[in-house]
Each structure stands twice: as structure tokens, then as C-alpha cells.
Amino acid sequence: MKQRLMTALAAAMLVASPALAELTIVDTSYRTGPYGANGIPFSDGYQDYFTLLNERDGGIGGEKINLVECETGYNTEKGVECYEATKAEGNGALIYQPLSTGITYQLIPKVSADGIPLHTMGYGRTSAKNGEVFKWVFNYPANYWDGASHAITHILDLNGGDINGKKISLVYHNSAYGKEPIRTLEELSKKHGFELILLPVDHPGQEQKSQWLQIRRDRPDYVLMWGWGVMNQVAIQEAVNIRFPMENFIGIWWSGSENDVKPAGDAANGYKALTFHNLGDEYPLYDDMRKYVVDAGKAAGAGDQVGSVLYNRGMYAAMLAAEAIKTAQEMHGVSVINAAQMRDGMENLEMTEAKMAELGLPNFGPEFKVTCQNHGGNGYGAVSQWDAAAGEFKLITDYFQSDQEIISALVAEDSAAFAAESGVTPGC
Amino acid sequence: MFCREAGDFKTSYEQDNQTFPIKFDRYRYYAVLVAAFAVVPFFINDYWVNAVFLPFLIYSIAAIGLNILVGYCGQVSLGTGGFMAVGAYASYKLMTAFPEVSIFFHVILAGGVTSIVCVLFGLPSLRIKGFYLAVATLAAQFFLVWLFNRVGWFYNYSASGQITAPERSVFGVAITGAANPPWSAYLFCLVFTVAAAIIARNLTRGTVGRKWMAIRDMDIAAEIIGVNPLKAKLTAFAVSGFFVGISGALFFAVYLGAVEVGEAFGINKSFLVLFMVIIGGLGSIFGSFAGAAFLVLLPVLLKNTLVGGLGWPTDLAAHLEFIIVGALIIIFLIAEPHGLAQLWRVAKEKLRLWPFPH
């Protein structure tokens, strides 16, 4: 008995058994820890979309999708373990979507060496937009620097184009993630003449009394937030406590989900967050999603997240991955693609309104086209606002483009620094 | 019966004073070394290296370092994460400032830098003891993490505050960076781990180690018999810092490749290494290895068994993992407060008498 147990354990150690399906997608999720509340809906949406394709269409191009989930807990060490454990799964993992800027930084050199595409949708290293340097990394449709610019553009619009002398505070997660927008905001503050006040919040962000005390003292006109996980809820609650006007409080897209605003109740009404995709569940695709996945009991997790902001975002990420697979299948004329072909598919991905409408997601995201030089889309985003009575975020603007002049210069500078540091020769 | 000592006669002091005086122990030690250096490198892949061997070897070095301070010298430290960060950032600054120098020396120098920092934070140990010292080292932990987050010079003013290890090689074989073959990173860390263990073992058997232990057991008595507490405590901090710094440098440069100080070297890391030392056994080099193995390998084994083997949902498995590891820690500490090393000693004792215990 003991012998058998030991061999079973030893066998279990030797990585999970090989899969039968042909297209392997890895979902490096986090359903535990201080960021779990946000990790769960994203992962559910990501998985449910692939489940839908398997159930309704029999996979993509006739090939079933094998979805492998690996729990990272938003922890970089576990993220590395997950990556190494899953990269050779089946015919090899096609794409990674780590949903963590910290893990992204670790995976960039690894995926470049192993030749597996990495999609960091709206997070990760912003300068990965430069496809000439970051061949295996994609961050379409928008990145943090776009987000910083979107927030400032929105404030400009509210103030008739002049924010000279205004005070804007940035409350940010004191990590690679939160620090990303600072450089862009500094450039923008030079250009538009506003004063930028930086307020770091340490992981995990449950303690923010001093930061909000400072906001109360400084009386900034606007507060921007780069938060994630429990930090968002605490920040919104603290803003309510000091009676900061909610319509002047703008979060990045990672700080704008239902579970961030709900704990503060009605007082959170009017809170704004950026987004790069549409919200709600009024789309034809959701009918299929309910029919084939949720009602059939095949939904990931508890199945109660359908239509929430982060669920939509996870689903959007999965949709973009699936469209890239389709593009790759057409390009190479094979249904079973490998990671290198997947990269070609991502690099030639074009999202048009017609394509989205055909998928049952009309007007769901901005139109964009990926090229070899530009792995980051065109930088379109919109602003959403929390309606506490209705219990949902609503878009209050159309999609608008970020300040490309400033961002392109910063992307070129940062990617050139990376190329020099790691000995990459830029080129397509 | 299994553990034979009879007939193992010594005819010189050298023989009697060697590290493993019992022949059986010695041969087992040689066998482990041969397996580690000559067998494992041929059979490992990326997964085994990055998920199992590298963390085990690197945490073993950290545990040895902390064990010298806590287990041998009795100075409680909660600053291990911060000191590992010093090693990591020192190696990063050295790697980027002197790219032509071999990374081997960078890692050793990073240990040296950490050793100096550790001595500075060890100075209060001359005045304060026990829990109060733990609080002082806790301050070091928070201060160092804050410093590396705050001052741009440490991360070469990169936009995100992350440090990324550039590709470096030894004898033409890449050690850091993503393109390294799995065996090179493994062997590189193994050399440091074995060296650390041998140095620590011999230090603790000699004058220095005896002074540390005298201070640990009763500092006033030690002072009366002629042990200089200043020298003894500070050497413990220096040696401990050296090993912890090396582990931090390897953790960043070889294992992770890119770190963010708050996440990789937070207070959790200090506790993790302290738990390794306590569970493994205070005042034992073998205990450091056992503790590191317990806390690094068990979660990976559980994850692979529950998710890979039984196909359970990942979140359930992650939660169960916390419960099981936590429960095992409690059970171990109740059953054997002196850690896995003592368990091993008792097992040997029993085997020595088996099958005739009376």
C-alpha cells in the first residue's frame, strides 16, 4: 500500500499527464489571496469563452481547445512554476495571459527564449507595444500609458481643454504595475501644466489612511488610481470617508469592477473607471453563453460572474486569442497550429466592427489592427461610471485615442533601453 | 543494525575530527554529492530546475544563513527578506556596472555587501535581546524594502522599478537570462549551496561556532569565560548576512530573473525562511536543508498531486495546500519541537539499536 502510494506521488510529481486535445490554452489564474476577488471573474470569463467554443462550435477550426488552469496566487514564484509546468502541455501552450505585471516581467525573457506568445491585455510592460523589440509579447488593444493619457484627456474635456495649475493625485500600487503610468503622467503634466502628486500604497493595500489624509490636506482637483485587488475597495471606501467627490475620482481599468465599488454602497455612486471594452451582458453572445455553458453547468468557478466587468474582460481576452488562432489557421492552412504560428496570427490580427458583430459582440471593443511594428493596437479607450442604483458601470464617453505623440516617444525610448540591455537587435 | 558504528576505529586526531566521523554517514554524504553533481544534471528539465531544485537550493542557503544567526548564536532575526533584497540589488548593480566580470564573483561580492549591511543592523543586538531584537530586525526588513522601492539608483531608474537580470555566463555557458540550459543554473546554485554548507558546518564546529553557542546558551556566562560578545554577535551577523546575501543574489539573478522588491522580498519571505529554520531544526545544518525541502517541495508536490493527479479545481487545491502545510507544521512542532533534524537523530538512534532496543 505504502509502496503504491509512493509511486503514485512520484508519478504525480512528473508533471500532469499529456492532454488529448490539440489546441492548448493555459489560464494562469488566481482564485486565492488578496487579489482573488478580481482574479476569479477574469478567469471565469476567459475559460467560459473557450468552453463555449468547444460546446457550440466544436472548438476552433474543428480543433478542440484544451484549457489548462494553473493557480498563481498573483505570486511570481508560483507564476514561474506554472509557466514551466504547463508550457509543454499537449502540443505546447499557444498563449499566456498571466494577468499580473510582475509575472509578465519574468515571462518576457522566458517566452522570448521558448518562442511562446505572451498577451498582456491592458497590463504588463507598456513598451512591449514595440513589436520590433518585443517579438513575442503583445499588449493590444491598450496599455497603461494609453490609460494615463485617457484619464488626462477626459479631465481636459471636462475642463474645456485647460487644466493649467490643477492638482492631480495618483494613488498607485507600489509595484511595477502601479509605477508604470508615472512617466507618462509626468510628461503630460509638463505638456498641460497640471501638478502631479504621487501617493504610493504598499502591497496589498489594506492600509491607506495616511495617503487619504494627505489627499484631504492637498485637496487635489482629481484623483487617479492604479490599484488592484483589495486596494481598490479600500481606496474607494477611504475616498467616501473623506467625502471626496466621486466624479473626480478616476480609476484605471483594473480599478473599475463591481466588487471594488459595492462595499462602499451608494456613496460610491459616480466613481469613474477607464475601460477598453464594452460593459454589461446585453449581447447576442451571452444568450449562447447561457445556453451552452452556464445552464449546462459547464461554467468555470461558481458561474455567477457572467456580465460583470472583469468577466467581460476575461471573455474579451479569450475572444482575441480565439480570433488570433483563427487568423493563424487561415494564414498557415492548418487547423493544428503551434506557438510560432500563433504568434503570426496575433501579429496579423485585425478586429473590425463587422467581425465583432458576427461573433455576437457588436460594438464590444475598439477596432484595431496589429502589425509587426505595433503590437499594442491604436490606444483607444473610454470612460465608464458607476451607477450605484442600477448596480452597473455605464460608458459615458465614446472610444477616444490616447496622446500618441507623447506615448510613441516614450515607447521608443523604453524599448530601445530594453533592446540595449538584453542585446536584442530590433527589426521585423 | 542499519546504522553501524562498531568496528569504525580512529587512529589519528584528523580522522577523529573529520566532519562525518562515522563511515556510514560519510559514504552517504559522498553518495549524495556524486548524485547531485554527476547524475541529476543529466536528467533535469526546465520544470524540475525552476520549480524544484533552484528554489530548494537557494532557500537552503538562506536557511543556513539564518540558522547561524538564530540557531547557533541565538539572535532572533526577522530581516531575512530585506537582507536577501540587499543581495539581489547588490548583484544587480554589480552585474550592470561591471558586465565583464564573471557573475560568480558578483554573487560573492553581493554576499559581502549584505554581510556589511547585516552587521550594521546587528549592532543593536549588543544592547537588546530576544523579542526586542526581533523588532529591530523587523525595522531593517521594512526599511530596506522601502529603500529599494524609493531610491531610483538601485533599480537604474527603470520605469517600473523592476530589476531584470541581464544574460551572464560562466566559462561560456549562460547562467542567467532565459536562454540558459537547465543544468547550468542548477550546477551554479549547487556549487554555492555545497560551499555554504561546508563553510557553515566547519565554522560551527570550530572556535567561532563554539563562541556563538556560548552566547546563545547564556551570554553573561559566556562573557565571564572570555567570549567577547561584540565580536561573537557581529561575526554571526556577518556570516549570516553573507549567506543570506548570496541566496538573495541567486534568487534574483538565476532563479527568477526579474524581481520587484515588495513582492519578492517582503515580510513573508522573512517568515518563510524563519519557519524553515524552526521546522528544520535550530542549530543544525542538516535541519536547514530539511526545512527548506519541507516548505519548498511539499507545496509543489501537493499541487501536482491534487491538481495534476486527482484533477481537483485549482482554487480548492490552493486552499487545501495552505491547510495541509499549516497542519503539518503544527503536528511536527508538537511531535518534535526540535525540528526535523532531531527527528532524524532520533530515527538514527533507534535504528542503531534495532532490533534489540534493550
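Visitor: Are α13(B) and α15(B) roughly parallel or roughly perpendicular to each other?
Guide: In this predicted model, local features need pLDDT of at least 70 and side-chain atom pairs count only at pLDDT 80 or more, while totals for chains, interfaces and linings use all residues. The axes of helix α13 (residues 285-309) of chain B and helix α15 (residues 339-353) of chain B cross at roughly 115° and come within 7 Å; axes are lines fitted to C-alpha atoms over the stretch in contact, with angles from 0 to 180 degrees between N-to-C directions. Angles under 35 degrees count as roughly parallel, over 145 as roughly antiparallel, 65 to 115 as roughly perpendicular and the rest as oblique. The two helices are therefore roughly perpendicular.

Visitor: Which residues of α15(B) meet α13(B)?
Guide: Residues are in contact if their C-beta atoms, placed from the backbone, lie within 7 Å. From α13(B) come F286(B), G287(B), A290(B), G291(B) and F294(B). Their partners in α15(B) are G339(B), L340(B), A341(B) and W344(B).

Visitor: How many nonpolar residues does the contact of α13(B) with α15(B) have?
Guide: Ala, Val, Leu, Ile, Met, Phe, Trp, Tyr, Cys and Pro count as nonpolar, Asp, Glu, Lys and Arg as charged, and the others, Gly among them, as polar. The contact has no charged residues and three polar ones, and its nonpolar residues number six.

Visitor: At what angle do the axes of α3(B) and α12(B) cross?
Guide: Helix α3 (residues 46-72) of chain B meets helix α12 (residues 267-280) of chain B through residues including Y59(B) and L66(B) on one side and V273(B) and M276(B) on the other. The residues of this contact divide into nine nonpolar, three polar and no charged. The axes come within 9 Å, and their crossing angle is roughly 70°.

Visitor: Which element supplies the largest share of the side of chain A that touches chain B?
Guide: Residues are numbered from 1 along each chain as its sequence is written, and chains are lettered from A and ligands numbered from 1 in the order in which they are written. The contact takes 37 residues from chain A and 35 residues from chain B. On the side of chain A, α1 (2-13), β2 (65-71) and α15 (404-422) are among the elements that each supply at least two residues. The largest share, seven residues, comes from α4(A).

Visitor: How many strands has chain A?
Guide: Helices (H or I, at least four residues) and strands (E, at least two) are DSSP runs, numbered from the N terminus. Chain A has 15 helices, and its strands number 14.

Note on methods: Contact = placed C-beta atoms within 7 Å.
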